[in-house]
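Please read this briefing alongside the sequence and the coordinates.

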Amino acid sequence: MKRFLESKPAFPKDFADGTIRFERIIRLMTRTHFAGYIEIPEWDVSLRKGHHEGLISLETHELIQQRIKDGARAPARKDINADFPLRGFVCCDDCNTPLTACWSTSKSGKKHPYYLCHAKGCPSYRKSIRRDVLEGEFDELMQSLKPSEGMFAMASKMFKDAWGQRAGQMEADKRLIRTERNKLDKQIEGLLDRVVDADSPTLITAYEKRIEKMEREKLILDEKLQNQGKPMHTFEQMFEHALQFLSNPWKLWKSGNLIAQRTVLRLAFAEQITYARNEGLRTPKTTLPFKVLEGFSCQKKIMADSQGFEPWIGYKPMPVFKTGAFNRSANCPLCKILAIDLSKRVLTSLRGDVNYLYSFS
C-alpha cells in the first residue's frame, strides 16, 4: 500500500523525495470506518454499523488487522529493478541458485547488462549471460503460453458454467451461516451469565474481551448473510481482468511495469525457472490455469470404448465433437464434471491476484 500510494502524484507525501511514513499507512489500514463501521473505544463507542457505505467488507478489514499483528516481514529487495525483472526468479541450472545481475562497463566505457550466477563453487560461477539472450528466450516462453482463440473461447464458457452453478450453493451457504450465528449467540449468553456470577476483575475482563471478539464475528456473519445471493458485479466485471490475463500473459509482461511483471511471474509459474548457459531455459512448471489450457491443447483425444483401445469385431467409435483444439465425448457426463471442477479451481486461484495486478497496469 505504501508503494501504491507513493506512485500516485495526487496523494500528499511526507518527505521531499516522495515517500510516506509507515506509521501513516498503519493508521489508514486500521480505521474501521473504511469498512462501513464506527468504533471509538475512548468514548465508549463499541463497534457498530455506520450510516455510510464501506469501501471494503468487515471481514477484509479483520484480515488486514490480523496481518498487521502477525509481525514484521522481509522488505522488498532494492536490487530488483526494471533493468533486470528476472533477477531472483531464474535460477542457475548447475547449482539451482537464483541468478543475480549487473551492468558491466567495457574498455570503451559502454555499459552492458548481464545475468550471472554468484554461488562460489558452481561451474557457472561469475560466467555472464547476456540480458537480451535470456530475456529473449523468456519472451518466447511467455508468448507460448497464449492459448488459441478457440481454446480460450471454450475456457471462457467453462468459467461461466462454473459461475452459474454457484447460485445453487447459496441457499446451503446461508443455512450454514445462520447455524454458526445461532451458535455464537448461545456462547455469548453463556459468557454473560459467567460475567454476572464472576467476582474476580481479571475474569470479568477476560470474559468481556471474549464477548467483544464474538460480537465482531457476529457482525461479519451478518454482513455475509446480507450479501449472500447478491453478486456485487456481473461475471464480466469480476473476471474480465483474469480472462484478459489468460488470453495473453505476454502482453502484461511487456507492459514494463515492474510490479506487474513480478506478479505475472507468480501467477503464471508454480516455481522458479532454471537456465542452462549452453542450452537455455528449462521446461517450466506452470500454474493451474495454464495447465488446464495446456491439457486442452492436445490435438488428438477420444473417449475409450467399453472394450478398451484394442480393435475388436463390431467396434464403433463414440461420437465426439470438436471445439477449438479440445475434443470430448458428446454424451460424457464425466467430462462436464471435470471441466466445471477445474473451472472453479481456476476462478478461485486467479480472481484476487489478477485484479490486484491490473490496478498497476
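Leu86 is in contact, meaning heavy atoms within 4.5 Å, with Tyr115, Leu134, Glu135, Phe138, Trp253, Arg262 and Leu265, once its neighbours within four places in sequence are left aside. The model is a predicted one, in which local features need pLDDT of at least 70 and side-chain atom pairs count only at pLDDT 80 or more, while totals for chains, interfaces and linings use all residues. Residues are numbered from 1 along each chain as its sequence is written, and side-chain values use heavy atoms, with hydrogens and water left out.

**Nonpolar cores**

- Leu86, together with Phe138 and Phe269, has the most contacts inside the largest nonpolar core, which has 40 residues; such a core is a set of buried Ala, Val, Leu, Ile, Met, Phe, Trp, Tyr and Cys residues joined through side-chain atoms within 4.5 Å.
- Buried here stands for under 20% relative accessible area and exposed for over 50%, with partly exposed in between, using a 1.4 Å probe and protein chains only.
- At least two residues of this core come from each of E3, H4, H5, helix H8 (235-247), helix H9 (249-253), helix H10 (258-268), E7 and H11, where helices (H or I, at least four residues) and strands (E, at least two) are DSSP runs numbered from the N terminus.
- The element that gives the most to this core is H8, with seven residues.
- A second core, separate and made of ten residues, includes Ile177, Leu184, Ala198 and Met214.

**Chain totals**

- The protein chain contains twelve helices and ten strands, and 32% of its 361 residues count as buried.
- Among the contacts in the protein chain with a separation of 6 or more, 57% are accounted for by residues 24 or more positions apart.

**The sheet E4-E5-E6**

- Three strands in the order E4-E5-E6 form an open sheet with antiparallel pairing, two strands being paired if DSSP finds at least two bridges between them.
- The edge strands of this sheet are E4 and E6, each of which pairs on one side only.
- Strand E4 (residues 100-105) is joined to strand E5 (residues 111-116) over six bridges in the antiparallel sense; Trp103 has Pro113 in E5 as its bridge partner, and Thr105 stands opposite Lys111 in E5.
- The hairpin of E4 and E5 has five residues between the strands, and in this hairpin Gly109 takes a positive phi near 90 degrees.
- E5 also pairs with strand E6 (residues 128-130), over three antiparallel bridges, and Tyr114 stands opposite Arg130 in E6.

**The sheet E3-E7-E8**

- Another open sheet of three strands has the order E3-E7-E8, with mixed pairing.
- Strand E3 (90-92) and strand E8 (280-281) stand at its edges with a single partner strand each, so one side of each is left without a neighbour in the sheet.
- Strand E7 (residues 273-276) runs antiparallel to E8 and is joined to it by two bridges, with Gly280 in E8 as the bridge partner of Ala276.
- Helix H4 (residues 131-144) lies across E3, E7 and E8, and runs at about 130 degrees to E7.

**Individual buried positions**

- Thr287 lies in the loop between E8 and helix H11 (288-296), and counts as buried at 15% relative accessibility.
- Not counting residues up to four places away in sequence, Thr287 touches Arg266, Leu267, Ala268, Phe269 and Ala270.
- Phe159, in helix H5 (residues 149-165), is buried with a relative accessible area of 6%.
- Phe159 and Phe235 are 76 residues apart in sequence, while their C-alpha atoms are 9.1 Å apart in space.

**Helix H2**

- In helix H2 (residues 22-29), the buried residues are Arg24, Ile25 and Leu28.
- These residues cover an arc of only 100 degrees around the axis, which puts them on the same side of H2; the arc is that of the directions from the helix axis to the C-beta atoms.
- Phe22 and Glu23 are exposed on the other side of H2, and helix H1 (2-6) is included in what covers the buried residues of H2.

Notes. Axes fitted to C-alpha atoms, helices over the stretch in contact; angles between N-to-C directions.
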